[in-house]
Structures are given as structure tokens and as C-alpha cells.
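Q: I'm new to this one and would like to go through it slowly. Could you show it to me, so that I can ask as we go?

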Amino acid sequence: METVIDIKHLNKSFGQREVLSDINFSVRQGEVSCLIGSSGSGKSTLLRCINLLETPSAGEIFYRGENILDGQHDILTYRTHLGMVFQQFNLFENLNVLDNCTIGQIKVLKKDKETAEKLARHFLEEVGMADFAQARVTQLSGGQKQRVAIARALAMEPDVLLFDEPTSALDPEMVGEVLRVMKDLAKRGMTMLVVTHEMDFARDVADHVVFMDKGLIVEEGAPQDIFNNPKEERTRAFLSRVLTN
Ligand SMILES: Nc1ncnc2c1ncn2[C@@H]1O[C@H](COP(=O)(O)OP(=O)(O)OP(=O)(O)O)[C@@H](O)[C@H]1O
Ligand SMILES: [Mg+2]
């Protein structure tokens, strides 16, 4: 499988505090990679470094073989290749659902309104939100908001989708509808990097699982290896904590 994103020796410090230490890993085309680990282990910071919402303190990010931090690459263009779905949705509450899904296409990708709306409606349909195109964001449930956020990300036609705990802010009865959409995307070959506390999702859907603790990648591998046969004591301790509650 072709490597889409390759992270090499990435470090991130906030002041004196190092929160990511020598991170090395790859995201491969068509694969779902799940990042798991305790609160504060650096999962969100790693995602934010990958899409350059945070600037890495050291290390390299290769996107399809290009070193995007070498000063020669247009970071805004790089970022258009990555879609991001946040825990708190981050929709524009002053815009309706359709406009949420067109504004980036129009402002960033310079598409005309008609083309943007057509694509937006296509992806709203895909996440089961076509009937809500004219709805106000504030009228939607959490699960509906997150599905719109996914449609908005898809409408930018990204190469990779990054998710930061997309179901953590949802009422339990809405988690399933969002995971279902994500499973569909995975099945259709979308490349995805997902920070999640949903261990069932990681076990069932991920091709690759990365376990982080205290800013380090402790262990990574196929889900059956990580979940059934973890090599590291820290992985075992984490899994026994999260799988028994
Ligand atoms: N902007 C910031 N300034 C200073 N410290 C930060 C900043 N952002 C994150 N940190 C620290 O970096 C560490 C890793 O945080 P991060 O949010 O990446 O963890 P996480 O694994 O996503 O945790 P959670 O599961 O709770 O979301 C934490 O100790 C956090 O306090
Ligand atoms: Mg986080």
C-alpha cells in the first residue's frame, strides 16, 4: 500500500514540556489507522501537528513523499489534502447545513456556488442528512451535527480524513449513527486516521492501531495483535482499564 503520510522523528513541546517524543509512523492509502491511549498521551496534539494546526518542534512530515516542512511547500495546499472532523463538530452556527458544506469549497477551493452545492448535496445524502440541507445547525442533534461535519469534510474531497474523537461529545444513542458513517467510508477505501476511545471500532474497523502513552508510541500493529496479544506492559494495562468498564 502506498504511504500517504509519513511522520519522522516528530517532537512537540509546549514551553519546557515535551508532549510528543520522537514519533514515527505512517498512514497508508486506503487504510484506517486508529490512535488510542489515555487522556493526555498526546493524540490530539499529534493530529494537530499532522495538519499543522500546531507547528512541530522538530521532525518531518512527508506527504506522498514530499517533505512539507522543508520551506519549499505551500502549507495551505497541503492542508487542503486533509479533512478534519473534531469532537465538538466546529460547524458554523450562523450558516445552514448546506452553506456549511459549501463555504470551504467556495472560499478555499474557489469553486462556483452551483458546483459546490451539487457536491455538498451528494455528501449530505451519503451521511443521511440530505433532508436537512436548509436546516439551521442549532436545530440538529449531536449525531446529526457530526454527520454534517463529516459531509463538510468530504465535500473538500480530501485525500485523508483525520478524526479527533468524533463520538466523544455525543449522547450514547447517537454514537452508532456516526460510527456507521465512518464504517461506510472505510469500506469505500477512504484513508482515515482516527483518534478514538471506541475500542470496538478500533478492533473491528482499523487496519492499523497505534497505542500512545505519555507522548510516545509504545506499540503499533494490526488490531488483532494489539488487542489480543499486546507485547508491552503499558498497552496491556491500558487495555485492561478501558475494556473492563
Ligand atoms: N496548547 C497547549 N499548551 C500547553 N500544553 C498543551 C497544549 N495542548 C496540549 N497540551 C498538553 O499536551 C499533552 C497532550 O495533550 P493532548 O490533548 O494531545 O492529549 P490527548 O491524548 O488528546 O488527550 P485526550 O484523550 O484527553 O483528548 C497534555 O499534557 C496537554 O496538557
Ligand atoms: Mg485529545
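Q: Is phenylalanine 238 buried or exposed?
A: Phenylalanine 238 is buried, with a relative accessible area of 3%, where buried means under 20% relative accessible area, exposed over 50%, and partly exposed in between, using a 1.4 Å probe on protein chains only. This is a predicted model, in which local features need pLDDT of at least 70 and side-chain atom pairs count only at pLDDT 80 or more, while totals for chains, interfaces and linings use all residues. Residues are numbered from 1 along each chain as its sequence is written, and side-chain values use heavy atoms, with hydrogens and water left out.

Q: And how many aromatic pairs are there in the whole structure?
A: A search of the whole structure gives two aromatic pairs, counting rings of Phe, Tyr and Trp (its six-membered ring) whose centres lie within 6.5 Å, with planes under 30 degrees apart called stacked, over 60 edge-to-face and the rest tilted. In one of them, tyrosine 63 and tyrosine 78 have ring centres 5.7 Å apart and planes at 70°, so that pair is edge-to-face. Tyrosine 63 belongs to strand 4 (residues 58–63) and tyrosine 78 to helix 2 (residues 75–80), so to speak distant parts of the chain, 15 residues apart; helices (H or I, at least four residues) and strands (E, at least two) are DSSP runs, numbered from the N terminus.

Q: Are those two tyrosines buried or exposed?
A: Tyrosine 63 counts as buried at 10% relative accessibility, and tyrosine 78 counts as buried at 2%.

Q: What about the rings of phenylalanine 211 and phenylalanine 238?
A: Their centres are 5.0 Å apart and their planes at 35°, so the pair is tilted. Here too distant parts of the chain are linked, with phenylalanine 211 in strand 9 (residues 208–213) and phenylalanine 238 in helix 9 (residues 233–243), 27 residues apart. Phenylalanine 211 is buried, with a relative accessible area of 0%.

Q: Switching topic, how many disulfides does the count come to?
A: The count comes to zero disulfides, a disulfide being a pair of cysteine sulfur atoms within 2.5 Å.

Q: Last one, which residues of helix 3 are buried?
A: In helix 3 (residues 97–107) the buried residues are Val97, Leu98, Asn100, Cys101, Thr102 and Gln105.

Notes:
Chains lettered and ligands numbered in written order.
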